[in-house]
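Hello,

Here is the structure I promised to pass on. Have a look at it first, and my notes follow below.

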Amino acid sequence: MKKLFLALIRFYQKVISPMKPACCRFYPTCSSYAFEAISRFGIVRGGLLVFWRILRCNPFCRGGYDPVPDHFTFVRQVRPQ
C-alpha cells in the first residue's frame, strides 16, 4: 500500500503539478511533504500528518517553512520565510 501511495504522489508531481501554477503556501510543497511523511511514518501516521497539513493550507494561514517532523506529532511551529 505504501508503494502505491508513493507512486501516486510521484505521478502527481511529474504529470499534473507542472500543468498548474505554483501556489503552495508552505515549503516544502504539500506533495513533497506527503511523499516524505508517508515514506518516513507509513500510510496511517504519515497520512494523518498530510491531512493535518492540508487542513492548515487555507487563506488564513501565513504558510512558511514546515518540514516533516523528526518524530510523529501534531504540535507544529511554522517558521515564516
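**What I found**

Setting aside neighbours within four places in sequence, Val 50 is in contact with Tyr 33, Ala 34 and Ala 37, where contact means heavy atoms within 4.5 Å. Before you read on: this is a predicted model, in which local features need pLDDT of at least 70, side-chain atom pairs count only at pLDDT 80 or more, and totals for chains, interfaces and linings use all residues. Residues are numbered from 1 along each chain as its sequence is written, and side-chain values use heavy atoms, with hydrogens and water left out.

Val 50 belongs to the largest nonpolar core, made up of 10 residues: Leu 6, Ile 9, Tyr 33, Ala 34, Ala 37, Ile 38, Phe 41, Leu 49, Val 50 and Val 68. (Such a core is a set of buried Ala, Val, Leu, Ile, Met, Phe, Trp, Tyr and Cys residues joined through side-chain atoms within 4.5 Å; buried means under 20% relative accessible area, with a 1.4 Å probe and protein chains only.) Helix H1 (2-16) and helix H2 (30-56) are the elements that give two or more residues to this core, and H2 gives the most, with 7 residues.

As for the overall fold, the protein has 2 helices and 2 strands, in the order α-β-α-β along the sequence. Helices (H or I, at least four residues) and strands (E, at least two) are DSSP runs, numbered from the N terminus. Buried residues make up 28% of the 81 residues. The C-alpha trace spans about 30 × 30 × 15 Å along its principal axes.

Best wishes

Terms used
Buried < 20%, exposed > 50% of the residue type's maximum accessible area, 1.4 Å probe, protein only.
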